[in-house]
Amino acid sequence: MPGVRAQRRTERARRRRARQRDAMAVAASAVVAVGAVTGVMSASAGEGDHRNAARPTTTATPVPGPLPARPTASATPTVKASAPASRPAALPSTEPPRASRPAPPASSPTRAPGKPEADRGEEPGGAALYRHPESQVLDWVRANGDDPRHALIASRIAERPAAVWFAAYDPGAVTARVRSVTSAAEAAGRVPVLVPYAIPDRDCGGASQGGAPDLAAYDDWIGDFAAGLGGGEVVVVLEPDSIALSDCLSTAQRQARFASLARAGRTLHAANPRAKVYFDAGHSGWHSAGKQAAALRAAGARSSGDGIFTNVANFHRTADEAAYARRVLAALGGPPGLGAVIDTSRNGNGPPAEGQWCDPAGRALGRAPTTRTGEDRIDAYLWVKLPGESDGCKGAAGTFAPDYAYQLARGD
């Protein structure tokens, strides 16, 4: 019996250490609340060296307004909805979602070591990206014309497309909110980028916990979301962290979530065959390409998606993310038309020191949103994280912090 008790004590100690490691992995998460056309959302920063993925909080959803809907003043993502402009037939096109893409143009010049990635603006030849006309940064720009930071923030952030998040579980309202964005974008001849973020057990119960009450409710919500897509070109960044941050779930829970994500991809494509749906691949500093590909395969990314997304709300350099994305795609296998989109919103100077994730100093805006990347299998650079909206250190979480935005725009 003493030997059995000793074994039990050892096992309890092992489990305690594992729980402590898991707690540390998600403790460094802050929520950046931002308002979207969809309601109040947030981008939260997670493990400094692992996640930093955007995850909204759940708060009351405002009553939808006329098209295009105007979000509440305090709650608007840099809602210049960022829709990529990929090389022809890669990102939104009239071809089937998984059609083979033509050979990409020559790669862009190599960035000199130690210097920010070049901001070349939106290049010709790709899809035109939609910028929603209401956002926190635009509110600040309109109200602060005499501020010495105005010109740089206006030109380098406020005029860029950025993703529109739908983070509130709002059955009965989400269709109108999605439609308010897609119809305005279609009328303007531009492509929106939308981020549904309502998966149950969101953020493993961390700072951005919330989402639909269960997967059946989520399936219904995604159906309502899809009903607002219309028939124009649209890019969907499906549920950041839903795959890369799924180890906290039991095997059965993870399988059920992955099945629901596969259904979501099919539902979105059925509602709008021109939609391009990208699945969560984490980022280059997190899981190995093989592990992430296995999870993506289980979640139906090959049959229900058009590719993967990486680096949401993180800082890893574009070149590292592109190389990682190609490794994941290679491990994932066909079909050959699968591509990747990368969040470049604030990765211009690469990642900060390990453990620094909350509005870290020395970061910079990355490549401007475009679908003309010049990189093999990289469909677009997007601004999914909303530049200038604080992680909670430069300002209240989710609020626009002009000093932070100015630092990102300057790259210092």
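1. A disulfide here is a pair of cysteine sulfur atoms within 2.5 Å. The count by this rule is two disulfides. This is a predicted model, where local features need pLDDT of at least 70, side-chain atom pairs count only at pLDDT 80 or more, and totals for chains, interfaces and linings use all residues. Residues are numbered from 1 along each chain as its sequence is written, and side-chain values use heavy atoms, with hydrogens and water left out.

2. Cys204 is joined to Cys248, S to S 2.0 Å. Cys204 sits in the loop between β4 (193–196) and α5 (215–227), and Cys248 in the loop between β5 (234–237) and α6 (251–271), so the bond ties together parts 44 residues apart in sequence. Helices (H or I, at least four residues) and strands (E, at least two) are DSSP runs, numbered from the N terminus.

3. The S-S torsion of Cys204 and Cys248 is about -85 degrees, so this disulfide is left-handed. Cys204 is partly exposed at 25% relative accessible area. Cys248 is partly exposed too, at 44%. Buried means under 20% relative accessible area, exposed over 50%, partly exposed in between (1.4 Å probe, protein chains only).

4. Cys358 and Cys393 form a disulfide, with sulfur atoms 2.0 Å apart. Cys358 lies in the loop between β8 (339–343) and β9 (378–382), and Cys393 in the loop between β9 and α10 (402–410), so the pair links parts 35 residues apart in sequence.

5. The torsion about the S-S bond of Cys358 and Cys393 is about 120 degrees, so the disulfide is right-handed. Cys358 counts as buried at 17% relative accessibility, whereas Cys393 is exposed at 52%.

6. Counting bonded cysteines along the chain, the disulfide pattern is 1-2, 3-4.
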